[in-house]
Amino acid sequence: LFFISMSISKAQTNYTESEVPFFEVPNPLTTFKGETISTNTAWEKSRRPELHAFFRENVYGRVPENLKIDSYNILEQDHNALNGKAKRTQVELTFTKNNKELSFTILLYLPKHVKNTAVFLGYNFYGNHTITEDESVIISTAWTDNNKEFGIENNTLTAASRGKRTNRWAIDKIIDAGYGLATIYYGEVDPDKNDFSDGIHHLLYGENQNQPKPDEWGSIAAWAWGLSKAMDYFETNPEIEATKVIAFGHSRLGKAALWAGANDQRFAGVISNNSGCGGAAMSKRKYGETLAVINQRFPHWFCTNFKQYNNNEEALVVDQHQLLALIAPRPLYVASAEEDRWADPRGEFLSAKYASSVYELYGKKGIGDMEMPSTNLPIHNTVAYHIRTGKHDVTDYDWEQYIKWANIHLR
Ligand code: GTR
């Protein structure tokens with residue numbers, strides 16, 4: 001089924017730059033009523049709120065109620081993890097509402113030689129146990145997609161996939177650089193399927209409600225919510241410098257990280273790794289994945305209201321660079337990969353570029369140039385960007401850049 005739907009969508013996919021339609025880029029600094037914004041105070045008072053509200057009600061969907069952590073429970077802890085250089089904690093957060101319950105587990109590694117640690121926080125796709133060979137990492141019992149490569153059958157995670165994604169998580173580099181790493185299996189917050197009877201959504205339904213209302217959260221907003229709840233926990237943990245937590249995410253989880261950073265200004269920065277359509281890439285370019293395609297294949301990701309823009313990008317009064325602008329003045333890193341045309345690398349770059357006018361209101365350096373930098377030649381301003389060689393993935397090269405950039409802008 002996957003291949004059939006891929007071939008249908010690929011057939012309609014535009015990968016030719018000269019066929020990108022002409023459109024006017026919605027100006028982050030002009031309000032919906034046409035007023036010009038020229039100070040950061042005016043941005044924060046009028047423009048930022050109206051843009052944020054637009055994305056909340058028409059793109060990702062609003063969170064019906066802000067649940068607090070009911071309890072947190074340290075499931076496991078080891079002061080000599082990763083050959084003695086890190087402290088490992090596995091902490092479970094539990095939420096209850098309407099006699100229903102949801103729990104998810106944060107796997108946290110903190111370098112032993114650093115106090116008040118800055119942390120990279122990001123979801124993983126196939127369970128915390130996939131990101132490391134560390135035998136003590138608990139295997140999630142949450143629903144997962146079947147995957148032959150990872151030996152996943154019956155939608156259940158097993159030890160067969162332990163360590164299968166170590167390539168995407170440069171844990172040693174992160175710890176050696178003095179940062180902590182926190183990760184969560186995204187399926188524990190909301191299983192990634194078009195089914196709203198599970199995950200966090202169903203805890204918050206009103207009477208007779210069985211799916212979110214048109215302006216209420218899809219899965220991306222639910223995942224973003226989970227990152228904020230992890231932040232609630234970090235604020236209670238004295239070993240973590242909660243004012244220095246960077247939300248990180250790859251692909252769909254990069255979309256979630258961006259939305260988390262836009263919603264929750266406690267995040268010190270955001271890294272979008274190959275987030276593409278509905279993430280960093282500009283929708284109006286219709287290059288690679290389009291709104292119609294993403295909303296068809298993943299009807300549960302965005303809110304129902306967003307579907308009115310399928311094959312109708314012209315009607316959008318915003319574009320994704322304005323999502324990025326909501327993160328200003330905090331450091332923002334947008335990363336692309338050369339072969340990842342589906343995610344529209346140029347559209348991701350232009351988004352970072354067009355968000356930069358808002359950063360400049362704060363005296364921060366964004367992306368100055370309209371030309372993309374050469375491959376593997378990163379720009380490490382407050383708004384950072386690189387395009388590396390290779391495919392849709394997270395590599396050591398990516399992490400090396402994130403660490404260098406965090407050293408400049410977070411320390
Ligand atoms: C693709 C989807 C992309 C991206 C990716 C991923 O199938 O079309 O938008 O989110 O999945 O998350 O790996």
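Student: How do H4 and H5 sit relative to each other?
Tutor: This is a predicted model. In it, H4 (residues 219–234) and H5 (residues 252–263) pack at an angle of about 60 degrees, and angles of 65 to 115 would count as roughly perpendicular, so the two helices are oblique to each other.

Student: And which hand does the crossing of H4 and H5 have?
Tutor: Right-handed. The axes of the two helices are 8 Å apart.

Student: Which residues of H4 and H5 meet?
Tutor: From H4 you have Ile220, Ala221, Trp223, Ala224 and Leu227. They meet Arg252, Leu253, Lys255, Ala256, Ala257, Trp259 and Ala260 in H5. By type, the residues in this contact are 10 nonpolar, no polar and two charged.

Student: Is Ser275 buried or exposed?
Tutor: Buried, because its relative accessibility is 1%, and the cut-off is under 20%. Beyond its sequence neighbours within four places, Ser275 has contacts including Lys255, Leu258 and Glu348.

Student: What does the side chain of Ser275 join up with in a polar contact of 2.7 Å?
Tutor: That would be the side chain of Ser272.

Student: Last one: what about Thr144, buried or exposed?
Tutor: Thr144 is buried too, at 1% relative accessibility. You'll find Thr144 in the loop between strand S4 (117–124) and helix H3 (171–176). Its side chain makes a polar contact of 3.3 Å with the side chain of Tyr185.

Key. Residues are numbered from 1 along each chain as its sequence is written. This is a predicted model: local features need pLDDT of at least 70, side-chain atom pairs count only at pLDDT 80 or more; totals for chains, interfaces and linings use all residues. Side-chain values use heavy atoms; hydrogens and water are left out. Buried means under 20% relative accessible area, exposed over 50%, partly exposed in between (1.4 Å probe, protein chains only). Contact means heavy atoms within 4.5 Å. A polar contact is a pair of N or O atoms within 3.5 Å; within protein, one must be able to donate a hydrogen and the other to accept it, and residues adjacent in sequence count only if both atoms are side-chain atoms. Helices (H or I, at least four residues) and strands (E, at least two) are DSSP runs, numbered from the N terminus. Axes are lines fitted to C-alpha atoms, for helices over the stretch in contact, and angles run from 0 to 180 degrees between N-to-C directions. Angles under 35 degrees count as roughly parallel, over 145 as roughly antiparallel, 65 to 115 as roughly perpendicular and the rest as oblique. A crossing is left-handed if the near helix is turned anticlockwise from the far one by less than a right angle, and right-handed if clockwise. Ala, Val, Leu, Ile, Met, Phe, Trp, Tyr, Cys and Pro count as nonpolar, Asp, Glu, Lys and Arg as charged, and the others, Gly among them, as polar.
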